[in-house]
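Dear colleague,

Please find below the structure that I am handing over to you. My findings follow it.

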Amino acid sequence: MTDTGTEVVLGPLDSIPTGEGRTFGVGSERVAVFRTRNEQLFAVQAECPHKAGPLADGLLGGTTLICPLHSWKFDLRSGEALMGDCGLRTYGVRVDQEGQIILATRLASE
Amino acid sequence: MQKKNLVVIGNGMAGARAVEEILARDGDQQFEITMFGDEPYGNYNRILLSNVLNGSQRESEIYLNPLDWYRDNGITLHIGVQADSILRKSKCVLGCDGTIEAYDKLIIATGSRSYIPPIAGLTLENRQYKPGLFVFRTLDDCREIAEYAQGRGRAAVIGGGLLGLEAARGLQNFGVAVDVIHRGPHLMGQQLDAPAGAILKSSIEKLGIGVRLLRNTTEVLGEDRVTGLVFDDGKTLAYDMVVIATGITPNAEIGKRCGLKVERAIVVDDYMRSVDDPDIYVVGECAQHSGRVYGLVSPLWEQAKVLADQITGRDPGAAYHGSKVATKLKVMGIEMASLGLTEPEDERDEIVQFTEPKKGTYKKLIIRDGRLTGGILLGDISKAAYLMQAFDRGTPLPDERLTLLFDIGAPARQVTFEEMPADAQICNCNGVSKGAIVNCVKSGKRSAKTVMDATRAGTGCGSCKSAVTELVEWVCGGVVEEDPSVHYYVPGVPMTKPELIRACREQNLKSVSAVFEALADGIEDAASKPGLASLLNTIWPGEYEDQRDARFINDRVHANIQKDGTFSVIPQIPGGVTSPAQLRRIADVAELYQVPMVKLTGGQRIDLLGVKKEDLPRMWRDLDMPSGYAYAKRYRTCKSCVGTEFCRFGVGDSTSLAIKIEQELQGLDSPAKLKLATAGCPRNCSEAMVKDVGAVAVEGGKWEIYVGGAAGAHVRKGDILCVVDSHEAVIQYMSRFIQYYRENAKYLERTYGFLQRVGIEKIRAVVVEDSEGIAERLDEELRKATAVYRDPWKEAFIPATPNQFASLLPVIQ
């Protein structure tokens with residue numbers, strides 16, 4: 001289980017428009033958080049492992065994300081690469097009762 | 001639901017393919033599938049048998065479906081069991097070993113066997129073929145021929161068709177001297193005409209194979225094994241072995257015995273059903289449709305699809321209307337292609353021909369009403385892919401017939417795939433080698449689309465797509481699959497563009513998420529979103545419900561994303577005409593925001609590169625110029641030369657025309673980017689003839705309008721749409737063409753592709769002559785689309801989404 005002691009509040013849910021992502025700076029880490037059209041949240045490393053494309057600028061469909069630079073494709077649930085040969089780090093993320101986005105800074109995949 | 005029994009007689013390429021197509025339509029939910037196969041193997045690619053014979057492929061390499069496949073798909077396979085009879089009243093099939101299988105639906109895919117001409121002395125007293133006499137049809141035949149050929153001196157192949165020549169080539173590998181004995185006046189009578197046959201003969205003779213034409217074999221000599229042949233002129237030749245390859249006979253007896261209508265093969269309707277029994281389907285070489293029996297693989301694929309659509313009820317409208325037969329072959333290393341007719345049949349038919357016998361090159365095309373109805377290419381088949389496509393789709397041919405036969409002025413044809421080393425790069429954008437593509441196909445990806453998805457070949461600029469497609473075909477040996485999604489407008493919604501437009505209009509779908517909900521089972525496909533957004537905006541000007549997440553990032557922040565995640569800012573400079581004050585303002589902004597690079601673009605504008613996302617809105621405000629839209633699938637810009645303003649050669653005012661065009665079309669969205677130009681004289685300094693749409697002034701106050709030009713990944717001179725005599729008329733016809741393109745082009749299909757697909761004659765008829773009576777509507781639709789133009793850089797003042805221009809949201813811990 002994720003250690004809830006290392007959670008960070010990123011800000012209100014509506015700082016991310018539906019169907020898009022935004023990049024958050026948490027200490028020295030940069031995390032891309034996505035809000036799907038059916039209101040699921042996913043958090044992954046901010047840069048594409050291919051050529052460091054800004055993933056938050058990608059196209060999101062369901063839980064699939066396409067990098068804006070060279071169209072590498074990832075499944076946000078697992079971070080798995082669907083097209084390309086290296087996956088993404090994922091983080092635990094949720095919304096609390098006040099509508100704040102809560103990120104588990106410890107890597108969910110660890 | 002109780003599953004029905006589906007029995008398939010025949011486990012060759014047709015039977016197995018039909019079952020694959022049925023499984024692809026979830027047929028295993030409806031049917032318990034049982035197959036009879038009289039060969040003791042899984043299913044293999046018969047086309048590649050000659051490679052097994054000549055040793056270039058192993059047996060294991062030509063299997064299509066190993067035995068595991070049947071088990072994994074829950075198919076009962078009666079292996080090595082021939083089906084003896086069909087009892088139509090009790091609806092069951094009897095196998096030769098006593099097996100009885102009841103069916104609800106039955107598929108007959110018994111294929112064909114070698115045709116054996118009436119020749120004396122074929123068999124011994126025990127009715128077995130004499131040792132040394134073979135047919136060439138199955139893996140077993142292949143093995144027996146190979147075994148017998150060891151250490152023999154002379155072999156004859158009876159039959160100078162494709163299969164006979166393949167067999168001859170295989171036999172040569174065993175060190176035997178081979179003669180091809182052919183009854184007809186020239187080789188490969190099905191695919192070639194007399195001159196091509198003669199060229200092929202001399203090419204083959206150079207390889208050391210004897211060719212004896214007009215020889216009718218009457219008898220096989222030999223008491224206990226083959227020793228020679230006798231011909232109808234009484235002459236005798238000595239041979240140690242003989243292979244008969246004189247064509248095929250459909251295995252239609254089983255149909256005849258149970259009372260189905262059989263002519264040359266079992267007669268079927270357009271749904272691939274026997275004309276006598278709606279529960280019996282027939283596919284492949286044992287089926288006769290509209291009087292024709294096909295012995296090639298691609299018609300079989302088409303038949304299998306229709307059969308599967310019908311039997312599963314997936315598409316009750318599916319129907320087979322016969323196949324256009326076009327094949328690309330390689331016989332003994334000699335490449336050839338054959339399409340449709342080999343000789344003209346109608347006095348309208350036009351023949352375009354080229355012969356160079358010394359080199360073994362022959363090209364002949366038969367053209368009817370501007371479209372290809374037949375052709376032969378021998379020796380040099382560099383134009384085969386283009387011609388086969390034009391033949392298959394019936395697309396209009398260019399007036400310059402010479403270009404059909406040769407790539408004039410193009411770089412020399414690259415090496416063939418066989419000669420090409422494995423590390424040769426096919427896709428120059430993504431660095432994908434021939435070897436990577438070959439391995440991908442061998443790992444089971446059998447369509448160009450799936451190979452491109454897996455290797456990323458062809459997904460950059462797209463100019464290598466046809467090479468990738470040809471390579472996939474080459475590796476598959478003709479057993480290539482077509483991914484149905486290539487016909488969809490976007491991959492995530494299974495509809496062509498006209499179907500999709502109709503559905504959106506009928507169901508009043510005005511947003512991308514509404515389309516996914518209504519037409520794609522609610523499944524959002526990321527890659528399909530921008531294409532849908534573009535289409536909806538075209539269908540519903542002013543009413544389209546814009547969802548920002550459906551846009552590519554460039555369209556969300558109105559700037560072009562660069563390799564480091566920064567953006568480029570290109571303000572509008574209509575006609576490329578600027579002023580000192582404007583230049584000064586741009587310079588000030590560039591300095592203030594420390595823009596790393598300022599560059600002149602190809603579209604006569606100024607590019608500020610390396611801009612941070614958060615600086616975009618402030619820069620736009622400071623520039624106080626509208627967006628130049630240099631980032632979107634939209635109207636981009638209209639270049640111009642100085643025209644009559646200063647140029648001493650100018651015959652038309654190209655600069656003010658370009659400015660008017662820009663004012664008219666700015667921001668207009670389109671299936672792909674639109675780059676325009678106007679030129680003040682035929683010297684064409686602004687390159688208007690190679691633009692998506694261009695206007696060139698000619699003497700006499702006239703303008704030529706060019707459409708479908710290109711000078712990027714693909715180079716093409718545009719076609720003249722029409723010649724008009726005023727700026728207003730130029731804008732009217734350009735606009736009408738663009739609206740027709742917006743409504744009919746596929747997503748990301750540039751105008752040059754659209755022109756080649758639809759043909760300039762058709763476009764001219766619709767746009768200039770108003771042949772469909774839609775000109776007024778097109779003009780009105782375009783007017784509505786341009787009326788909703790709003791400079792997107794105005795979002796600098798009112799962002800459209802939260803944190804629209806933030807590249808990083810800092811979190812205070």
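Buried area here is the accessible area, taken with a 1.4 Å probe, that two parts lose on being put together, summed over both. Please keep in mind that this is a predicted model.

By that definition, the area buried between chain A and chain B is about 2,600 Å², and carbon and sulfur atoms give 54% of this area. Of the area that chain A buries against chain B, R37(A), D57(A) and L59(A) supply 24%, more than any other three residues. In terms of contacts, 34 residues of chain A meet 33 residues of chain B.

The remaining findings concern chain B. Helix α18(B) covers residues 580-592, which makes 13 residues. From its first C-alpha to its last, α18(B) reaches 18 Å, close to the 18 Å expected at 1.5 Å a residue. Its buried residues are Q582(B), I586(B), V589(B) and A590(B). Seen down the axis of α18(B), these buried residues fall within an arc of 100 degrees, so they line one face of the helix. An α-helix has 3.6 residues a turn, so residues three or four places apart point the same way. On the face of α18(B) turned away from the buried side are the exposed residues P580(B), R584(B), E591(B) and L592(B). Just after this helix, Q594(B) takes a positive phi of about 50 degrees.

What do the buried residues of α18(B) pack against? Their partners are β33 (597-600), β34 (606-611) and α19 (616-623) of chain B. Both of these strands belong to an open sheet of four strands in the order β31-β32-β34-β33 (chain B), with antiparallel pairing. β31 (560-561) and β33 of chain B stand at the edges, each with a single partner strand, so one side of each is left without a neighbour in the sheet. Four bridges join β33(B) to β34(B), and V598(B) stands opposite L608(B) in β34(B). Helix α19(B) lies across β32 (567-569) and β34 of chain B, and runs at about 10 degrees to β32(B).

Another helix of chain B, α11(B), spans residues 434-442. Its buried residues are K434(B), G435(B), I437(B), V438(B), C440(B) and V441(B). Among the elements that cover them are β29 (425-427), β30 (432-433), α12 (448-455) and α13 (465-476) of chain B. After α11(B) comes G444(B), whose phi is positive, near 120 degrees.

With kind regards

Technical notes:
Residues numbered from 1 in each chain as written. Chains lettered and ligands numbered in written order. Predicted model: local features only at pLDDT ≥ 70, side-chain atom pairs only at ≥ 80, totals over all residues. Heavy atoms only, no water. Helix = DSSP H or I, 4+ residues; strand = E, 2+ residues; numbered from the N terminus. Expected span 1.5 Å × (residues − 1). Buried < 20%, exposed > 50% of the residue type's maximum accessible area, 1.4 Å probe, protein only. Arc of directions from axis to C-beta. Contact = heavy atoms within 4.5 Å. Pairing = 2+ DSSP bridges. Axes fitted to C-alpha atoms, helices over the stretch in contact; angles between N-to-C directions.
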